[in-house]
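Good morning, and thank you for making time for this presentation. Please have the sequence and the structure open before you as I speak.

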Amino acid sequence: MGAVTYPDEKVADFVMQRMVPVQVGANMPLAAEFKVKWTPTIVVLDYYGKEHHRTVGFFAPEEFIPNLLLGMGKVDFDTDLFGNAIHQFDILLEEYPKSGVAPEAIYLRGVSGYKSTHDAKPLKEAYEKLKAEYPQSEWTMRALPYSLL
Amino acid sequence: MITWESDLTKALGRGQAEKKPILLDFFNPG
C-alpha cells in the first residue's frame, strides 16, 4: 500500500479531503486491541472510534477509493444517516461501477432506501439491478427475497 | 501526499472537529 496506493495522487487527495488518516504498526498495542492478525489491515471508524468497515490485503488505487466510499457509507448506514449513506453509495456506483464492492453498495443502498422510507420499492430495485448487472455476485443471492416484494 | 496521524486519540479529536471518519491503517513495520 505504501509503495503504490498511498502515493497515488487521487487516493491521497481523497483521503486528505474526506477522512482523518492514522497509521499504526501492527506490532503496537492498538493492533492487539483491534485484533489485527495480518497486514495491511484497513479499518474505517466513526469519529467516536467505533469500527464500521474492515479490509485485509492489498488494494490498487482504483479499488481502494471505492472501498473507502463503502466504509464511509457504512458509517452513515450504521448510525441511521440513511440519506448520507445513499449519497456515498451513489458516488461509488457512479464513479466506480466496476469495483468489486459495487454489488454490496447496491444492496446497502436499497436497504438504506427502505429504512428511510419504509417503502419496499428500493429493495426490489436493488435486486433487479444486481440481477441485471452482477448476476454472479453473492449480494444478488442475498437480495433474492426482495424479488418477491 | 497523505499526512498520517500516529495517535488515534488525536485523530478522533480531529475527526469530531472536522466531521470526518477515520482511516486506520495497520502496516507491517518490518
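Predicted model: local features only at pLDDT ≥ 70, side-chain atom pairs only at ≥ 80, totals over all residues.

Residues are numbered from 1 along each chain as its sequence is written, and chains are lettered from A and ligands numbered from 1 in the order in which they are written.

Let me start with chain A. Chain A has seven helices and three strands; helices (H or I, at least four residues) and strands (E, at least two) are DSSP runs, numbered from the N terminus. Along the sequence, the order of elements in chain A is α-β-α-β-β-α-α-α-α-α. Its radius of gyration is 16 Å, close to the 15 Å that the globule rule gives for 149 residues, so chain A is as compact as a globular protein of that length. That radius is taken over C-alpha atoms, and the globule rule is 2.2 Å times the number of residues to the power 0.38. Along the principal axes, the C-alpha atoms of chain A fill a box of roughly 50 × 30 × 30 Å.

Of the 149 residues in chain A, 42% are buried. Here a residue is buried if 20 or more other C-beta atoms lie within 10 Å of its own, exposed if 12 or fewer, and partly exposed in between, with C-beta atoms placed from the backbone. Among contacts in chain A with a separation of 6 or more, 42% are between residues 24 or more positions apart; a contact requires the C-beta atoms, placed from the backbone, to lie within 7 Å.

I turn now to the sheet. Which strands make it up, and in what order? It is an open sheet of four strands in the order 1(A)-1(B)-2(A)-3(A), with mixed pairing, where two strands pair if DSSP finds at least two bridges between them. Strand 1 and strand 3 of chain A are the edge strands, each pairing on one side only. From one strand to the next, the twist averages 20°. Axes are lines fitted to C-alpha atoms, for helices over the stretch in contact, and angles run from 0 to 180 degrees between N-to-C directions.

Consider the pairings in turn. Strand 1 of chain A (residues 20-25) runs parallel to strand 1 of chain B, joined by six bridges, and A:Val24 stands opposite B:Phe26 there. Strand 2 of chain A pairs with strand 1 of chain B in the antiparallel sense over five bridges, with A:Thr41 opposite B:Phe26. Strand 2 of chain A is also joined to strand 3 of chain A (residues 51-56), again antiparallel, by five bridges; in this pair, A:His53 is the bridge partner of A:Val44. The hairpin of these two strands has five residues between them, and A:Gly49 takes a positive phi near 100° there.

Why is strand 2 of chain A described as largely enclosed by the rest of the structure? Five of the five residues of this strand (residues 41-45) are buried, so it is largely enclosed. In a regular strand the side chains alternate between the two faces of the sheet. Here A:Thr41, A:Val43 and A:Leu45 on one side and A:Ile42 and A:Val44 on the other are all buried.

Next, the interface. In total, 23 residues of chain B are in contact with 31 residues of chain A. Helix 1 (8-18) and strand 1 (22-27) of chain B each supply at least two residues of the side that touches chain A, and helix 1 of chain B gives the most, with seven residues.

Lastly, the helices. Helix 3 of chain A (residues 61-78) lies across strand 2 and strand 3 of chain A together with strand 1 of chain B, at about 155° to strand 3 of chain A. Of its 18 residues, 13 are buried. A:Asp80, which follows helix 3 of chain A, has a positive phi near 65°.

In helix 5 of chain A (residues 102-117) we find A:Ala105, which counts as buried because it has 28 C-beta neighbours inside 10 Å. Beyond its neighbours within four places in sequence, A:Ala105 is in contact with A:Leu70, A:Gly73, A:Phe89, A:Leu92 and A:Leu93.

How values were computed: Contact = placed C-beta atoms within 7 Å.
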